[in-house]
Amino acid sequence: MKCIGLLGGSFNPAHGGHRAISTFAATALGLDEVWWLVSPGNPLKPKTGMAPLSARLAHARKVARRNPIRPTAIEAQLGTRYTVDTLKALRQRYPRHHFIWLMGADNLAQFGQWKDWRGIARIMPIAVIARPGYDDAARGSPAMSWLRRFVRPARQSADWTDWRLPALVLLRFRPDPRSATLLRQADPLWHREYSKTRVRDPLTRRMIV
């Protein structure tokens, strides 16, 4: 059985911060791989400025290479739009894997807006990775007021496969100022080099156009 960390997002574009968080989480949690779930469309984000899925996946593959990271657009194949539905589908499709949901503190701050967020916490453990400027908002969020009772000590993070759900661990990580927003502001057409790219999904082996 493999231990897999799941990091969801638009990856518009993927960058070194995503890679650093993923490799850190892989070490802290004893993961075999981290899967980047490159979303076809985030319900909480505007469509304006969103690069094509094929470009985002192709660039994510480039950023992730030579690391235990597997970018995938499997949500497009599953037909899922919300995280809770994706996680249910992945557990059904890969019953022999152990999964843990990875999120930055910025996502925890608005986790209460997600569809059936309590259900997400009951499906698999959650590891929250610190992000500069968001930790206070995350700890004071409505979702955290419910999740707080389920927090596990970071020193037990390697034992997450044995945790009773819901379970959440807060992982400290050195500040990383990189963000997709800043990269898009610097180069809004970053995806043009992938305009004619057909990319094979590293997980499903399907071509994404």
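Here's a quick tour of the sheet, the pockets and the cavity in this structure. Keep in mind that the model is predicted. The largest pocket holds about 1200 Å³ of space, while the largest cavity has a volume of about 80 Å³.

**The sheet**

- Strand 2 (residues 33-38) runs parallel to strand 3, and the two are paired over 4 bridges.
- One spot to look at is Val-34, whose bridge partner in strand 3 is Ile-69.

**Helices on the sheet**

**The largest pocket**

- This pocket, with about 1200 Å³ of space, is lined by 49 residues.
- Closest to its centre are Gly-9, Ser-10, Asn-42, Lys-45 and Asn-107.
- Elements that each supply at least two lining residues are strand 1 (3-9), helix 1 (16-29), helix 4 (83-93), strand 4 (98-104), helix 5 and helix 9 (180-186).
- So far as residue classes go, the lining has 20 nonpolar, 19 polar and 10 charged residues.

**The second largest pocket**

- Here you'll find about 210 Å³ of space, with 13 residues in the lining.
- Arg-91, His-98, Phe-99, Ile-123 and Pro-125 are the ones closest to the centre of this second largest pocket.
- Its lining splits into 9 nonpolar, 3 polar and 1 charged residues.

**The cavity**

- The count comes to 1 cavity of 30 Å³ or more.
- The largest cavity, at about 80 Å³, has a lining made of Ala-105, Leu-108, Val-128, Ala-130, Asp-135, Ala-138, Arg-139, Leu-170, Leu-171 and Arg-172.
- Helix 5 (105-109), helix 7 (135-139) and strand 7 (168-171) are the elements giving two or more residues to that lining.
- Helix 7 gives the most, with 3 residues.
- By class, you get 7 nonpolar and 3 charged residues around the largest cavity, and no polar ones.

Conventions. Residues are numbered from 1 along each chain as its sequence is written. This is a predicted model: local features need pLDDT of at least 70, side-chain atom pairs count only at pLDDT 80 or more; totals for chains, interfaces and linings use all residues. Side-chain values use heavy atoms; hydrogens and water are left out. On a 1 Å grid over the protein atoms alone, a cavity is a set of points where a 1.4 Å probe fits but cannot get out, and a pocket is an open set with protein on both sides within 12 Å along at least five of seven lines; lining residues have an atom within 4 Å of a point. Grid points are joined across faces, edges and corners, and a volume is the space filled by probe spheres set on the points. Ala, Val, Leu, Ile, Met, Phe, Trp, Tyr, Cys and Pro count as nonpolar, Asp, Glu, Lys and Arg as charged, and the others, Gly among them, as polar. Two strands pair if DSSP finds at least two bridges between them.
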